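Please find below some notes for a colleague who is meeting this structure for the first time.

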Amino acid sequence: MGKLIVDAFNVIGTTPNGWWRDRHAAVREFVTELHELQTDDTVIAVVDGRPIKGLDGGNHDGVEIVYASGGRNAADDRIVDFVKTGAEPVVVVTSDRELLNRVETLGAKTISANAFLHQLRR
């Protein structure tokens, strides 16, 4: 058992379905999809910005929601912190090249956003 850390908006943003018109609805929908994920890993979705009304930070039926605000790389920095402090195996889901380099240097495995969505939506 390990941690699966998801760069939420990086994954959400791979589908040009108008998600940007209602970012809160997009996050809620994505969290619902994450509930369908069949894994023994701890699933952590790191979301850029402030908490969404009705979807506070914390555990939501097995998906841990973590908000990161405070600048352009706040979510990336939070993900790196999770990787640094994780004793168990860590997999990071993102297609952000800079973040990929940062977490792979720390020993995390990575999955691209597109590959993850393909697995999730099968």
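1. In strand β5, the residue V91 stands opposite L4, and V92 in β5 stands opposite I5. Strands and helices here are DSSP runs, strands (E) of at least two residues and helices (H or I) of at least four, numbered from the N terminus. The model is a predicted one, in which local features need pLDDT of at least 70 and side-chain atom pairs count only at pLDDT 80 or more, while totals for chains, interfaces and linings use all residues. Residues are numbered from 1 along each chain as its sequence is written, and side-chain values use heavy atoms, with hydrogens and water left out.

2. Strand β1 (residues 3-7) is joined to β5 (residues 90-93) by 4 bridges, and the two run parallel; strands are said to pair if DSSP finds at least two bridges between them. β1 also pairs in the parallel sense with β2 (residues 42-48), over 5 bridges, and there V43 is the bridge partner of L4. A further 3 bridges join β5 to β6 (residues 109-111), again in parallel, with I111 of β6 as the bridge partner of V93.

3. Is β1 enclosed or open to the outside? Because 5 of its 5 residues are buried, β1 is largely enclosed by the rest of the structure, where buried means under 20% relative accessible area, exposed means over 50% and partly exposed lies in between (1.4 Å probe, protein chains only). Both of its faces are covered, with K3, I5 and D7 buried on one side and L4 and V6 buried on the other. β5 has both faces covered as well, V90 and V92 being buried on one side and V91 and V93 on the other.

4. The largest nonpolar core has 26 residues, and those with the most contacts inside it are V11, V27, F30, L34 and F116. Such a core is a set of buried Ala, Val, Leu, Ile, Met, Phe, Trp, Tyr and Cys residues joined through side-chain atoms within 4.5 Å. The elements that give it two or more residues are β1, α1 (8-12), α2 (23-35), β2, β4 (63-68), β5 and α5 (113-120), and α2 gives the most, with 5 residues. A second, separate core of 16 residues includes I44, F82, V90 and V103.

5. F30 is in contact (heavy atoms within 4.5 Å) with V6, A8, V11, I12, F116, L117 and L120, leaving aside its neighbours within four places in sequence.

6. Which element gives the most to the lining of the largest pocket? It is α2, with 5 residues, although α1 and α2 each supply at least two residues of that lining. Of the 13 lining residues, the closest to the centre of the pocket are I12, N17, W19, A26 and E29.

7. Two residues deserve a separate word. D61 is found in the loop between β3 (58-60) and β4 and has a positive phi of about 50 degrees although it is not a glycine; most residues other than glycine have a negative phi. At 72% relative accessibility, D61 counts as exposed. R97, found in helix α4 (residues 97-105), also counts as exposed, at 67% relative accessibility, and R97 and V66 are 31 residues apart in sequence and 21 Å apart in space, C-alpha to C-alpha.

Note on methods. 1 Å grid on protein atoms, 1.4 Å probe; cavity = no way out; pocket = protein on both sides within 12 Å on 5 of 7 lines; lining within 4 Å.
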